[in-house]
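Subject: The structure we talked about

Hi there,

Here is the structure I promised to send over, with my notes following below.

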Amino acid sequence: MLGICRGRRKFLAASLTILFVPAITWIYLFAGSFEDGKPVSLSPLESQPHSPRYTASSQRERESLEVRVREVEEENRALRKQLSLAQARGPAHHRANRSKTYSMEEGTGDSESLRAGIVAGNSSECGQQPVVEKCETIHVAIVCAGYNASRDVVTLVKSVLFHRRNPLHFHLIADAIAKQILATLFQTWMVPAVRIDFYDADELKSEVSWIPNKHYSGIYGLMKLVLTKTLPSNLERVIVLDTDITFATDIAELWAVFHKFKGQQVLGLVENQSDWYLGNLWKNHRPWPALGRGYNTGVILLLLDKLRKMKWEQMWRLTAERELMSMLSTSLADQDIFNAVIKQNPFLVYQLPCFWNVQLSDHTRSEQCYRDVSDLKVIHWNSPKKLRVKNKHVEFFRNLYLTFLEYDGNLLRRELFGCPSEADVNSENLQKQLSELDEDDLCYEFRRERFTVHRTHLYFLHYEYEPAADNTDVTLVAQLSMDRLQMLEAICKHWEGPISLALYLSDAEAQQFLRYAQGSEVLMSRHNVGYHIVYKEGQFYPVNLLRNVAMKHISTPYMFLSDIDFLPMYGLYEYLRKSVIQLDLANTKKALIVPAFETLRYRLSFPKSKAELLSMLDMGTLFTFRYHVWTKGHAPTNFAKWRTATTPYRVEWEADFEPYVVVRKDCPEYDRRFVGFGWNKVAHIMELDAQEYEFTVLPNAYMIHMPHAPSFDITKFRSNKQYRICLKTLKEEFQQDMSRHYGFAALKYLTAENNS
């Protein structure tokens, strides 16, 4: 109601303005056009330059009056247009405005710090014109390369998603590593109203490789210069962000600033908050040319369509070539070249208030950008020290960053109600599969877990692998949760070959793991270990999903399917590589069995040879694995024969057999229906047998299970009758599926189960 009243008052004021402003103006002009009681003509055709009354002063006055007339007429036209729009929209438009977003920001384009805010559109036409529609897509470009930058991108995206109310379209200029990591992450994250497009950063290297750059970002730090050429030609505007950015507000507020650009302004930037471009940081400091303090390019608003018309590519290249003749290289990557261009063309810049890029490098003026928490919009960790930077309020900023770092990303899968989203095939298939389940089924939660899509971050830490020349390399594959983290260092000491690990962690636990790994000399010295984070969701431990993730991302032709609680014998890696050749694993379907033993002692003098292991078996220090609780699991290995064996020997499949094996990387995946404890490995070995794999025991290989507290899942299995009933049901369904898939040959599994 208040909005309607204000609208009527504005309508009346506009009407009166249109009626009276022209009249008052012309009275003023008419009166002012008399000199000595006689009219002075304003028409150039009637001017009398030779008249004694015609003076230079009267000529200037006449021209001034003509300019004023044109200004008033222009104002009147604008008022009429506004009035006609208000009449056309009427009350219905006031109601519709409630679904829109308005900008209250008074951006001036100068260096003053201004408070800004986006308010919902229930303020009617009396307020500001709508600048960001409710369902308007906001485009964001980020350059990302490598393993560490991929982690930073996730934290940035979390902060944006946390505050956003609009659909988002991320344009990621990424190298092959970052693309693999982030494509999997976003595919499994399944955030509604978020679209991701990738652009090959490696293809862009030739565009900027001619520019020497001393900045730690390397060649990728120059790629923002070529965004006009890289991004789609129909994309008109984009927000460009560094990966070390954290948002403290809705990104729509920043998107709204585009509407304040005027004339030839095509770049929205915040002034640099350090003295770098003033050239006074140290003796003989010679920065690139910049306008005043220069501008920071951690946050950029780009009007792409206008930049293309201005021939931005030619503009920055010519500037870079000219400056490099004397500067020889850039120190701050693209930022130096942007500033050199702006120095020559200051009209290109709309200066953003500095709270849109609070720069937390050492010795900055960032404290002048805010007086209160509510003033903060964007925090930029632009120091190589990152979270260790010196700043008066660094603890507050660090805590804000850590909040998003450890925030549960699953909570950001929220719908934007009222905004149509593009059809997602994966999401639609998931919904269809879930809809076919019976929620009244007592085993519903077990069945549902099979279809749960877990957010997955591949290669959480830096990974390097050099393929073996003889093509015999073997990767150790395992999965773990936070309570088995202490096994990592020991396994790395026992196995020098590549390792692929899937870790089931929450977002907060992932950061604990990161700190643990970075603090471990053993883990940091190993670059051939791939750590893949599968984020927690649901009530069961998805053991077979984790195994599949680890299996899928190996770089070798063979893999050793182990568990995190086992330590392989010293030298097993080289022994397996020799066995691969000896048993022609490349051309035969074999599963090489590594016999499993266990100790009940937390401190064990690990046997260095088979002879020493046999001695410990005889002394009762070691036992064959699970001999006292689950003999059937490893009995077919035939440990009695293994004691004296000197050559590999073949064994037959038996019910409940679950050995640890070495296979080719193309072996079948684990069945995801089995979660938590029970039948997860048994089902996999059964399928290997159904596919006619030959089980061969290695005579000089062994692994030892180390003691640990019982897992939560085995506790549930032992204490919960319904858990055991559901496991039995899933097992029977699996066997039926095997019969349908493999036909008559699979009947033995049903028979063996009945006889066992």
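Let me start with a question: which side chain does Lys681 meet in a salt bridge? The partner is Glu658, with an N to O distance of 3.8 Å. Lys681 sits in helix 21, while Glu658 belongs to the loop between strand 25 (649-651) and strand 26 (660-664), so that the pair links distant parts of the chain, 23 residues apart. Both Lys681 and Glu658 are buried. Please keep in mind while you look around that this is a predicted model.

**The chain as a whole**

The protein chain has 756 residues, and 53% of them are buried. Its secondary structure comes to 24 helices and 28 strands. If you take the contacts between residues at least 6 apart in sequence, 79% of them join residues at least 24 apart.

Across the whole structure, a search finds 37 salt bridges. Besides the pair above, I picked out a few for you.

One of them joins Arg484 to Asp565, where the closest N and O atoms are 2.8 Å apart. Arg484 and Asp565 are both buried.

Another brings together the side chains of Arg626 and Glu598, at 3.1 Å from N to O. Here, too, distant parts of the chain are linked: Arg626 comes from the loop between strand 24 (623-624) and helix 20 (639-644), Glu598 from strand 23 (residues 596-598), and the two are 28 residues apart.

**Two patches on the surface**

Which residues make up the patch of negative charge on the surface? They are Asp438, Glu439, Asp440 and Glu445. To find the place, go to Asp438 in the loop between helix 12 (425-435) and helix 13 (444-449). With a relative accessibility of 47%, Asp438 counts as partly exposed.

The other patch is nonpolar: Phe744, Leu747 and Leu750 form it, and together they have about 310 Å² of accessible area. Leu747 is found in helix 24 (residues 747-755). Its relative accessible area is 38%, so Leu747 is partly exposed.

**Two residues with positive phi**

Phi of Asn471 is near 60°, a positive value in a residue other than glycine. You will find Asn471 in the loop between strand 16 (456-457) and strand 17 (474-481), and it is exposed, at 51% relative accessible area.

For Glu692, phi is near 65°, again a positive value in a residue other than glycine. Glu692 is placed in the loop between helix 21 (680-690) and strand 27 (694-697). Its relative accessible area is 65%, so Glu692 is exposed.

**A glycine to look at**

Finally, what does Gly221 touch, leaving aside residues up to four places away in sequence? The answer is Ala333 and Asp334. Along the chain, Gly221 and Asp334 are 113 residues apart, yet 6.2 Å separates their C-alpha atoms. Gly221 lies in the loop between helix 5 (201-208) and helix 6 (227-230). With a relative accessible area of 9%, it is buried, because the cut-off for that is under 20%.

Best wishes

Definitions and conventions:
Residues numbered from 1 in each chain as written. Predicted model: local features only at pLDDT ≥ 70, side-chain atom pairs only at ≥ 80, totals over all residues. Heavy atoms only, no water. Patch = residues over 30% accessible without salt bridge, like charges linked within 9 Å, V, L, I, M, F, W, Y side chains within 5 Å. Areas by Shrake-Rupley, 256 points an atom, 1.4 Å probe, with all protein chains shown as cover. Salt bridge = Lys/Arg side-chain N within 4 Å of Asp/Glu carboxyl O. Lys, Arg positive; Asp, Glu negative; His and termini not counted. Charge placed at Lys NZ, Arg CZ, Asp CG, Glu CD. Helix = DSSP H or I, 4+ residues; strand = E, 2+ residues; numbered from the N terminus. Buried < 20%, exposed > 50% of the residue type's maximum accessible area, 1.4 Å probe, protein only. Contact = heavy atoms within 4.5 Å.
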